[in-house]
Amino acid sequence: MSPVRILIVEDEPAIAETLVYALKDEGFQTEVLHLGSATLAVMRERPADLVVLDVGLPDISGFEVCKALRRFSDVPILFLTARNSEVDRIVGLEIGGDDYVSKPFSPREVAARVKVILKRVKPRQADQADAGEFQHEHAARRIRYRGAALELTLSEYRLLACLLEHPGRIYTRAELLDRLELPAEIYDRSIDGHIKTLRAKLKLVDAAAEPVQTHRGLGYSLKAAW
Ligand code: CA
């Protein structure tokens, strides 16, 4: 496993240094930036696993950086706020921050918060794809629906894994058949059969929900969760 990379955006060198020290001590890799504007470019080029983001930066505020980051990244963000103000904390979390630490703080506290956040957001990273209520654990070839592990046949698993790649996208029967890697002589109908049994299993978790949608004459899609 590659080491977890933390991007620290903090204009005060002394504070940045103590953070680097505390985070390295916990086995994290770190990179320090002093300006908000540089953060976006760096995150596009070499995305970090978490961003420690000072609110009071000299060029653009940490809040603005967070807003811009959220347009293309769901990286966890831990705000560093100088003021112990309720407003800053609320704004920070409302615009997509994961947590905040008020200055002055102990670097160990920051490291501890980082670990908590990483634990919490793990499902949306690395080896898992999360389409709303589904979690796909690729390595285990297991798909959870609302937390419940589904007991799927290989064909059902491949079908659902395919639909999960792009919730909302309609897959034709031919595309889905392709994914099943079944012999060519098997008809489209078999897709309908697998979808039927897959739906029955999803209904065991929630009888009212219909996450798999039929598009007549086109194919199937997974209901987009957002
Ligand atoms: Ca600052």
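The structure is a predicted model, in which local features need pLDDT of at least 70 and side-chain atom pairs count only at pLDDT 80 or more, whereas totals for chains, interfaces and linings use all residues. Residues are numbered from 1 along each chain as its sequence is written, and side-chain values use heavy atoms, with hydrogens and water left out.

The protein contains eight helices and 12 strands; these are DSSP runs numbered from the N terminus, helices being H or I with at least four residues and strands E with at least two. Of its 226 residues, 41% are buried, where buried denotes under 20% relative accessible area, exposed over 50% and partly exposed in between (1.4 Å probe, protein chains only). Contacts are defined by heavy atoms within 4.5 Å. Among the contacts with a separation of 6 or more, 55% join residues 24 or more positions apart.

Arg 179 lies in helix H7, which spans residues 173–180. This residue is classed as partly exposed because its relative accessibility is 34%. Beyond its neighbours within four places in sequence, Arg 179 contacts Arg 158, Cys 162 and Glu 165. The C-alpha atoms of Arg 179 and Cys 162 are 7.3 Å apart, although 17 residues separate the two in sequence.

Cys 162 itself counts as buried because its relative accessibility is 1%. Cys 66 is likewise buried, with a value of 0%. A disulfide requires a pair of cysteine sulfur atoms within 2.5 Å, and by this rule the count is zero.
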